[in-house]
Amino acid sequence: MTELHLPWLELSVLVPVVGAIWVSLLKNRDRARIVCTTVCAVTLVCAIGEWLDFAMLGTFEAHDHWDLVQSIFHHDVFVIDELSAPLLPLGALLYLTTVMTTLRTKSNRFSFHWTLVSESLLLATLACRHPWLIIVLLAVATIPPWLELRKRGRCTRVFVMHMGLFVTLLVAGQALAGPTATSAIQPILAGCLLTAGALLRSGVCPLHCWMTDLFEKATFGTALLFVTPMTGAYAVMRLVFPIAPSWALQSIAILSLATAVYAAGMALVQRDSRRFFCYLFLSHSSLVLVGLEMATPIGLAGALCVWLSVGISLPGFGLALRSVEARTGRLTLYRFHGLYEHTPFLAAMFLLTGLASIGFPGTVGFIGTELLVEGAVEVYPLVGLAVVAATAMNGVAVVKAYFCVFTGTRHVSTVRMDCRPAERVTILVIVVLTIGGGLIPQPGVESRYHAARALLEHRSVEHPEISSGVDAGHSAPSAALTGNKASE
Amino acid sequence: MTMESVLQFLGLVVVASPAVLLAALGLPLLCGFALSEGIQARLTKAGVVIGLLASVAILGLMLATGLRHVPIELGNWVSIEQEHFHFHLKFVFDRLSVPFAILSFVLCGTVGAFAAVYLHREKGYARFFLQYALFLLGMIVSSLAGTIETLFFGWELVGLSSALLVAYFHDRPGPVRNGHRVWTTYRLADAAFLIAALTMHHLTGAGDFQRLMGAGPWPAGVAAIDSWSALAIGSLLLLAAAGKSGMVPFSGWLPRAMEGPTPSSAVFYGALSVHLGTYLLLRVSPLLAVSLPLQVLVITLGLISALFGTLASRVQCDVKNALAFASLTQVGIITIEIGFGLRYIALIHMIGHACLRTLQLLRSPSVLKDYQMLEDAVGEHLGGDVVNPAQTATGFQLWLYRFAMHRGYLDALLDNWVVRPFTTAFRWCDGMERRWTNLLSGGASRESDQLASFSESLEDVA
C-alpha cells in the first residue's frame with residue numbers, strides 16, 4: 001500500500017491524546033483553554049498535512065510512513081482513502097473552531113480534556129477502516145457526552161438507551177456478518193442490524209429523539225461536536241455500503257428522505273434555538289444519506305460534496321448560535337431578540353453559513369445540492385421533488401431563525417457583546433471556506449466524484465449486477481475499502 | 001483587435017462591474033473596516049456607470065454591425081465530463097437582454113443616487129448598499145443569463161436581497177415579518193424554478209436556452225420539445241414567475257414589501273424585481289408557442305392578476321400600496337401580452353412601466369410637498385379630480401369593496417389552508433416527541449420548556 005511521507009494519521013490521533021492528558025493536569029481553566037486551543041491547532045496542521053500529502057500521492061488509499069501501530073499489531077489500522085482524506089481536516093477544524101469560540105465565562109462548563117479525547121476518537125474513527133475497530137471507537141465516543149450529562153446532573157436515560165441500542169445493533173450485525181461479508185454474500189439479518197445501528201446514530205426518524213435530547217441537556221459545544229462530524233454516515237459508508245444490496249440502500253434512502261422532510265418541517269415550528277439547530281442539521285445529514293444510498297455516480301458525488309459543505313457550513317452556523325447564546329443565554333425562537341446591532345459579525349456568519357447549508361448560489365453548498373438533486377431525479381423523479389421541498393423548507397427556517405435572533409426589536413445591553421479576536425478569526429476562516437468553495441467548486445467536485453466512482457466500483461466488483469453506470473475503464477481501487485476485505 | 005474580442009471584453013465588464021462592486025463593499029465590512037458614506041456612494045456610482053457604459057457600447061456595436069445575438073462564453077464553472085454534467089457559464093446579449101440590462105443599470109443608478117441622500121446618516125447605510133449591490137448583481141446575471149442555471153443563480157440573489165431589504169428597518173417586528181413572508185414566497189417560487197431547470201436538463205440534456213428555445217435569436221426561436229413537455233416546464237416556470245412578480249395567488253407580499261425604504265421599494269417592487277417573472281416568461285416565450293394550454297394558463301393568470309391589482313389599488317389608503325397594486329395590474333397586462341405572443345409590445349411595456357413606477361415611487365414621500373409647491377407656483381388651489389356625488393352602494397359593490405380592501409383574502413387563504421395545517425401537523429408531532437422522551441426519561445425531558453429568554457444572561461451576572 002502507498003505510504004504517506006510522514007506519520008500524519010498517527011500524529012493526528014496521538015497529539016490530542018497527549019494534549020488531553022496535559023490539560024487534565026492543569027488546574028487553571030484559562031491555561032487549559034489556551035493549551036487545548038494549541039493542541040487542536042497542531043492536530044489541524046497534522047490533518048491538513050495528511051490531506052495534502054495524500055492528494056499529492058494521487059492514489060486511492062495510503063497509510064502512514066513509519067507506521068508504529070502496524071509494526072506492533074501487524075495490521076493496517078490507520079488507512080485513509082479518498083472518502084476519508086478530507087474528513088480528517090474537517091473534523092480537526094471543527095474542534096479547533098469550537099474551542100476557539102468558547103468564551104472564558106464558559107470554561108468551567110466545557111470540558112477541554114474530554115473534548116480532546118473525543119477529537120482523538122473521531123480522527124481515529126475516520127482514519128480507520130476495520131469494522132470492529134470502527135464499532136469500538138464509535139462506542140467509546142459516546143462516553144464523553146454521557147460523562148458530561150452525568151456531571152451536569154441531567155437525566156441520561158434517553159441518551160443511554162439509544163446509544164446502548166446503537167452499539168448492540170452494530171456488534172450483533174458485525175458478529176453475524178463475519179469477516180467475509182460482501183454485497184453478494186451476506187446474511188440479510190446482519191445487514192439489517194448494521195443498517196439499523198448506523199441509522200440510529202445518524203438520527204433517522206423515528207430514532208432521532210436522542211439527538212434533540214442531547215442538545216437540550218448537554219452543553220451546546222459538546223452536542224455540536226458529537227453530532228456534526230456525521231460519524232453515523234461514515235459508519236453507513238464503511239459498514240453497510242460495501243455489503244448492502246441495492247434494494248437495501250434504496251430503502252435507507254427513502255427512510256432518510258422521509259427524515260429530511262420531517263426534520264425540515266420540525267425545524268420550522270421549533271421554539272428553542274438548539275432544537276431548531278438540531279432539526280436543521282438532521283435534515284441536512286439525512287439529505288447526505290439520501291445521496292449516499294442512491295448508489296449512482298452523480299448522486300453519490302453530490303452527497304459527498306454536500307457532506308463537506310454541510311461539514312463546513314452547519315458547524316459554522318451552530319458556532320454562531322453558540323457564541324450568541326454565550327452572551328445572552330439560551331435563545332427562544334417565538335420572539336424577536338434584535339441582537340444585530342451588538343453582534344453584526346455573528347449575524348453575518350449566521351446568515352451566510354445558513355444559506356450555504358441550503359445550497360445558496362455562490363456558496364460552498366450550491367453545486368453539491370445541484371448534484372444531489374440531479375442524482376435523485378435520475379433515480380426517482382419524486383425523490384428529487386422531495387429533496388427540493390426539504391431544501392426549500394430549510395431555507396425558510398434558516399432565515400426565520402436569523403430574523404428571530406438578530407432582528408425585530410432593539411436589544412438594550414449593559415455589557416459589550418462584540419466578537420473576540422479568536423471569534424473573528426473563526427468567522428473569517430469559515431467565510432473564506434464558504435465563499436471560496438462556492439466560487440471555485442471544480443477541484444472539490446472532481447475529488448468527490450473520483451471518490452464516488454471508486455466507492456461504486458468497489459461495490460460493483462463485489463456485486464457485478466450493480467455495475468451499471470460505472471465505466472469499466474475508470475481507475476478502480478486495487479484494494480478493498482473495508483477491513484472485511486483486508487482481513488480475507 | 002477583432003469585433004468579437006471587443007464584444008467579449010465589454011460583456012465581461014458588464015457582468016464584472018456589479019460583482020466587483022459587491023466585493024468592494026462587502027470585503028471591508030467583513031474585515032471590520034467601515035467605509036465612509038461618500039466612498040460607498042462613489043463606489044456604487046462607478047460600478048453602475050461602468051456597467052451601463054459597457055452595455056450601451058455593446059448595444060451600439062450590435063446596432064452598427066447588425067448582430068442580434070452575442071454569446072459571451074465563460075466556459076464550464078463545474079463539469080463532470082463522464083456524466084455529461086456541466087454548469088455552463090454563458091451570458092447572452094440579444095434584443096431582450098440588452099434593454100433589460102440597460103434598464104437595470106439606469107434604474108439602479110437613479111435609485112443609488114437617490115438613496116445616497118435619502119439614507120444619509122442612517123444606521124443601516126452600509127447594509128443597504130451592500131444589499132443593493134447584491135441585487136444589482138442578481139439582476140444583471142438574471143437578465144443576461146444564457147443558461148437556466150445561470151438565470152437561477154441571479155434569480156436567487158435577487159430574492160435574498162429583496163427579502164433582506166424589505167426587513168431593512170429591522171428593529172421593528174413588522175418589516176421583519178414581511179421580509180420573512182417575501183422570502184417564504186420566493187423559496188416556493190425558487191423550488192418551482194429548480195424543478196423546471198432539472199426537467200429541462202432531462203429533456204434537452206443541457207440547460208442552455210438555445211437548445212430549448214431553438215437556435216434563432218430572440219424572439220425568433222422555436223422550442224425543440226413537444227407540447228406536453230412544454231406545458232410541464234412552462235407551468236413550473238409560470239409558478240416561479242407568479243411568485244417573483246407577486247401575481248395571484250402570491251400577491252400578498254407585494255404591499256408588505258413596501259415596508260422597506262422607499263428607494264428599495266421603487267427599484268425592486270415597483271420596477272425591476274416585480275418584472276423579473278415576466279422577463280422569465282419572455283425569455284422562455286418560444287415554449288408558449290408550442291403549447292396552447294400553456295398560453296391559456298398564462299393569459300388567465302395575467303387577467304386575474306390585472307383585475308385583482310386594479311381593484312385592490314383603488315381602495316388602498318397609502319400611496320406606496322396603491323402604487324404596488326397598480327404595478328401588479330400592469331404586470332398582469334404584460335403577462336397577457338406575453339400569452340398572446342406580443343413579445344416586443346410586452347418588452348416595451350415592461351420598460352416603460354418600470355421607468356414610470358420608479359419615478360412615482362421615488363416622488364411618493366414628497367408628493368404632498370410637491371403639490372403644495374405647485375400650488376405656490378400657480379398661486380391658487382389646484383382643482384384636482386371631481387368627486388362623484390354619493391350614491392347608495394349595491395350589495396355587490398360592497399362585497400367588491402371588502403374583497404379589494406382585504407386584498408382578495410389571499411393572505412388569509414394561504415394562512416388558513418397552507419400555513420396553519422402545516423404548523424398544526426408538525427406541532428402535533430413535536431408534542432408526540434415530547435411525550436415519548438418524557439416516557440423514556442421518566443419525567444419532564446425538555447429544559448427548553450421552562451426557559452425564558454436570556455435567563456442565563458451575562459448581563460444578569462454583570
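Is Arg407(B) buried, exposed or partly exposed? Arg407(B) is partly exposed, with a relative accessible area of 27%. I will come back to the backbone at that residue in a moment. Please keep in mind that this is a predicted model.

Let me start with the backbone. In general, most residues other than glycine have a negative phi, and most peptide bonds are trans. I have a few exceptions to show you.

Arg407(B) is one of them: its phi is positive, about 50°, and it is not a glycine. To find it, go to chain B and look in the loop between helix H16, residues 395-405, and helix H17, residues 410-441.

In chain A, look at Met230(A). It is not a glycine either, and its phi is positive at about 55°. Met230(A) sits in the loop between helix H11, residues 220-227, and helix H12, residues 231-240, of chain A. Its relative accessible area is 5%, and since buried means under 20%, Met230(A) counts as buried. For Arg407(B), the value of 27% lies above that cut-off, so Arg407(B) is called partly exposed.

Next, the cis peptide bonds. In chain A, the bond from Cys205(A) to Pro206(A) is cis, and omega is near 10°. Pro206(A) is in the loop that lies between helix H9, residues 188-202, and helix H10, residues 209-217, of chain A. In chain B, the bond from Val248(B) to Pro249(B) is cis, with omega near 10°. Pro249(B) is also a loop residue, placed between helix H8, residues 227-245, and helix H9, residues 253-256, of chain B.

Now to the strands of chain B. Strand E1, residues 69-80, and strand E2, residues 85-94, run antiparallel. The two are joined by 9 bridges. Within this pairing, Glu73(B) stands opposite Lys90(B) of E2(B). E1(B) and E2(B) form a hairpin with 4 residues between them, and in the turn His84(B) has a positive phi of about 55°. How many of the 10 residues of E2(B) are buried? The count is 8, so E2(B) is largely enclosed by the rest of the structure.

That leaves helix packing. Two packed helices are described by the angle between their axes and the distance between the axes. I have two pairs.

The crossing is left-handed. On the H5(A) side, the contact uses Leu121(A), Ala124(A) and Thr125(A); on the H6(A) side, Ile134(A), Leu137(A), Leu138(A) and Val140(A). By type, these contact residues are 6 nonpolar, 1 polar and no charged.

The second pair joins the chains. From H17(A), the contact has Glu370(A), Val373(A), Glu374(A), Val377(A) and Glu378(A). From H6(B), it has Leu194(B), Leu198(B), His201(B) and His202(B). Here the division is 4 nonpolar, 2 polar and 3 charged.

That is my list.

Definitions and conventions:
Residues numbered from 1 in each chain as written. Chains lettered and ligands numbered in written order. Predicted model: local features only at pLDDT ≥ 70, side-chain atom pairs only at ≥ 80, totals over all residues. Heavy atoms only, no water. Buried < 20%, exposed > 50% of the residue type's maximum accessible area, 1.4 Å probe, protein only. Contact = heavy atoms within 4.5 Å. Nonpolar A, V, L, I, M, F, W, Y, C, P; charged D, E, K, R; others polar. Pairing = 2+ DSSP bridges. Left-handed = near helix turned anticlockwise from the far one by under 90°.
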